[in-house]
Amino acid sequence: MKVLTIKQPWATLIINGYKRFEFRSWYTNYRGELLIHAGKSVDKEAMKGLEKYLDIDIPIGKIIGKVNITDYIKLDEDLKKKLLLENDDVYKNSEIGSFAFKIENVEKFKEGIEVKGMLGLWNYDLGDDLDE
């Protein structure tokens, strides 16, 4: 299954349902199920403004859930305005011109799966690792 490694706290915000779009500078034709891997790096500056959305435990280096990518939308002024109205804290740093991966059907795993992340979309075989 495809996986995307995302810095914390952004991975947790996605899996907890606060972030419906993930932004990247690159485009892909991939649509479908995607595992969310919380990378080992943490955006400490972002953490300061997002405490109210986060669990006490911020997992790192683990696959923490599964989502469905239904679309990629180039972020323009109109979409950014809509997203800022939805949740200014989460979307204020999104950059015009980036690609917004539309996230739906979020499923948070009870236990994360410890695995090393990679850049871009990468593959992981869930096999027997999934204990939802």
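Phe-101 is buried, at 1% relative accessible area (buried means under 20%, exposed over 50%, partly exposed in between, with a 1.4 Å probe and protein chains only). The model is predicted, so local features need pLDDT of at least 70 and side-chain atom pairs count only at pLDDT 80 or more, while totals for chains, interfaces and linings use all residues. Residues are numbered from 1 along each chain as its sequence is written, and side-chain values use heavy atoms, with hydrogens and water left out.

**Aromatic pairs**

- A pair of aromatic rings is described by the distance of the centres and the angle of the planes.
- Rings of Phe, Tyr and Trp (its six-membered ring) pair if their centres lie within 6.5 Å; planes under 30 degrees apart are stacked, over 60 edge-to-face, and the rest tilted.
- The count by this rule is five aromatic pairs.
- Phe-23 and Tyr-91 make an edge-to-face pair, with 6.1 Å from centre to centre and 90° between the planes.
- Phe-23 belongs to strand E2 (residues 21-24) and Tyr-91 to helix H3 (residues 77-91), so this pair ties together parts 68 residues apart in sequence.
- Helices (H or I, at least four residues) and strands (E, at least two) are DSSP runs, numbered from the N terminus.
- Both Phe-23 and Tyr-91 are buried.
- Tyr-72 and Phe-101 also pair edge-to-face, at 4.0 Å centre to centre with 75° between the planes.
- Tyr-72 sits in strand E4 (residues 62-74) and Phe-101 in strand E5 (residues 99-114), so the pair links parts that are 29 residues apart in sequence.
- Tyr-72 counts as buried because its relative accessibility is 7%.
- One aromatic cluster is formed by Trp-26, Tyr-27, Tyr-72, Phe-99 and Phe-101.

**Nonpolar cores**

- In soluble globular proteins, nonpolar side chains tend to be buried together.
- A nonpolar core is a set of buried Ala, Val, Leu, Ile, Met, Phe, Trp, Tyr and Cys residues joined through side-chain atoms within 4.5 Å.
- The largest core here has 30 residues, and Ile-36, Leu-50 and Val-67 have the most contacts inside it.
- At least two residues of this core come from each of strand E1 (2-8), helix H1 (10-15), E2, strand E3 (32-42), E4, H3 and E5.
- H1 gives the most to this core, with five residues.
- Leu-50 is in contact with Pro-9, Trp-10, Leu-13, Asp-89 and Val-90, leaving aside neighbours within four places in sequence (contact means heavy atoms within 4.5 Å).
- A second, separate core has nine residues, including Val-3, Phe-109, Ile-113 and Trp-122.

**Pockets**

- On a 1 Å grid over the protein atoms alone, a pocket is an open set of points where a 1.4 Å probe fits, with protein on both sides within 12 Å along at least five of seven lines; lining residues have an atom within 4 Å of a point.
- Grid points are joined across faces, edges and corners, and a volume is the space filled by probe spheres set on the points.
- The largest pocket holds about 510 Å³ of space.
- Its lining has 22 residues, of which Trp-10, Lys-19, Glu-22, Asp-43 and Asn-93 are the closest to the centre.
- E1, E2, helix H2 (44-49) and H3 each supply at least two residues of the lining of the largest pocket.
- By class, that lining has seven nonpolar, six polar and nine charged residues (Ala, Val, Leu, Ile, Met, Phe, Trp, Tyr, Cys and Pro count as nonpolar, Asp, Glu, Lys and Arg as charged, and the others, Gly among them, as polar).
- The second largest pocket has a volume of about 200 Å³.
- It is lined by 13 residues, and the closest to its centre are Asp-57, Pro-59, Ile-64, Lys-108 and Phe-109.
- H1, E4 and E5 give two or more residues each to the lining of the second largest pocket.
- E5 gives the most to that lining, with five residues.

**Backbone and single residues**

- Most residues other than glycine have a negative phi, and most peptide bonds are trans.
- Gln-8 and Pro-9 are joined by a cis peptide bond, with omega about 10°.
- Pro-9 lies in the loop between E1 and H1.
- Asn-105, in strand E5, has a positive phi near 50°.
- Asn-105 counts as exposed because its relative accessibility is 57%.
- Gly-32 lies in strand E3 and is buried, with 17% relative accessible area.
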